[in-house]
Amino acid sequence: MAQDIKPFSISIPDSDLELLKNKLSLATFPSEADFSDDWNYGASLSDVKRLAEYWKDGFDWRAHEAKLNQIPQFTTKISVDGFEELNIHFIHQRSSRPGSIPLLFVHGWPGSIIEAKKIVTLLTEPKDENSPSFHVVAPSLPNFGFSDKVTKKAFTLPQYAETMHKVMLKLGYDKYVTQGGDWGFFITRAISLYYPTHCLASHINFINVKPTLLRSLWLAARYYLGWLSEDEKRSVFRSGWYIRDGSGYMILQSTKPNSLGFAMADSPVALLAWVYEKLHDWTDDYPWTDDEILEWVSIYQFSKAGPASSLTIYYELLKIQREELVKTMEYIPKVPLGLSFYPKDLLTPPRSWGRALGPVVYETLHESGGHFAAYECPEKFAGDLREMFGRSGGASNVALVFKST
């Protein structure tokens, strides 16, 4: 392990907490209408008001901070080709079991290390002694959480993949496996593409497949002929909802992130409403508590790079170098692949489409769960990884590599 890896504890200055309370006390809310709480129009006014009031006067950030700090966290300097050296923050929880599998867990937007906190113990110290165990590494992406802001433009998919890969190398993991959803899907797919001798297998949710004309026409024909199964119908309707009613944020963030960023940087209420809408709409009726919502949003509010910085990933990956993104939605031959489908994810393609992404060795379709599966249903999520890499799983040979080292 490199010497410049330093232990890290979250410690938000009192002045930042006081500034947050002052801004919340001065918040101006929209006037009420008969559709103010209609989620078809966006975040509920009464919900956001209640959350803002609790954030100001009742939410105990220090208690959440202390619990998060019980998970081992570190920072290290990563040199990215063509860019400045970045200080990257990450969770690193090693298993007590010898021969454990190094696992790189990569979040997306509006995610963070929060998504990993429920699965760390489930993966590092599984109750079943016959289950595989993992050394879990969950970084904050550049521009997110407690990692550095990138100050030069055109930090695109190859750079995100390079950063994550170099974190694993710094930790002494020359061979490892990956897990990704949301932007983590694209980043871990890029790792499979660029570093296949290091990445021995990959597990993904939020499955994105290049929608070829033939594939799309065949799906449409089966739909109109009534040949789709009930699961496939639900998948088509969910994807249709997202494209039609749920993807406006992506257009804004991928075209004018800086303009939207002024609201995110200056107004905690704007940030709260923007992120809370996604937590509400992108999960499968998950019973969010106010504390959970505010902990999640607070990671963005107190982000080292500032909450606005997280938006630029949309512009730089979707506009500047989209061709690299498309490659990750095509067949990548050298890395065994595991797929977990959740019915309330954003894009839910037919299971057969997922097999166009690579050599699939594990596949499962869950009856419940949404976009933030590691947080919503951690037992299912961790169970998929344990099954994929277990003795009878499609990637059981990967576990043998680490047991022999």
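Modeller: Let's start with a term: buried means under 20% relative accessible area, exposed means over 50%, and partly exposed lies in between (1.4 Å probe, protein chains only). This is a predicted model, in which local features need pLDDT of at least 70, side-chain atom pairs count only at pLDDT 80 or more, and totals for chains, interfaces and linings use all residues. Residues are numbered from 1 along each chain as its sequence is written, and side-chain values use heavy atoms, with hydrogens and water left out.

Biologist: Thanks! Why is His-64 called buried?

Modeller: His-64 has a relative accessible area of 14%, and the cut-off is under 20%, so His-64 counts as buried. His-64 lies in helix α3, residues 61-68; helices (H or I, at least four residues) and strands (E, at least two) are DSSP runs, numbered from the N terminus.

Biologist: What makes the side chains of His-64 and Glu-295 a polar contact?

Modeller: The distance is 3.1 Å. A polar contact is a pair of N or O atoms within 3.5 Å; within protein, one must be able to donate a hydrogen and the other to accept it, and residues adjacent in sequence count only if both atoms are side-chain atoms. So the 3.1 Å pair falls within the limit. His-64 also touches Phe-59 and Asp-291, where contact means heavy atoms within 4.5 Å.

Biologist: What makes β1 and β9 edge strands?

Modeller: The open sheet has 9 strands in the order β1-β2-β3-β5-β4-β6-β7-β8-β9, with mixed pairing. β1 (6-7) and β9 (360-365) each have a single partner strand, so one side of each lacks a neighbour in the sheet. For β1, 2 bridges join it to β2 (residues 73-78), running antiparallel.

How values were computed
Two strands pair if DSSP finds at least two bridges between them. Lists of a residue's contacts leave out its neighbours within four places in sequence.
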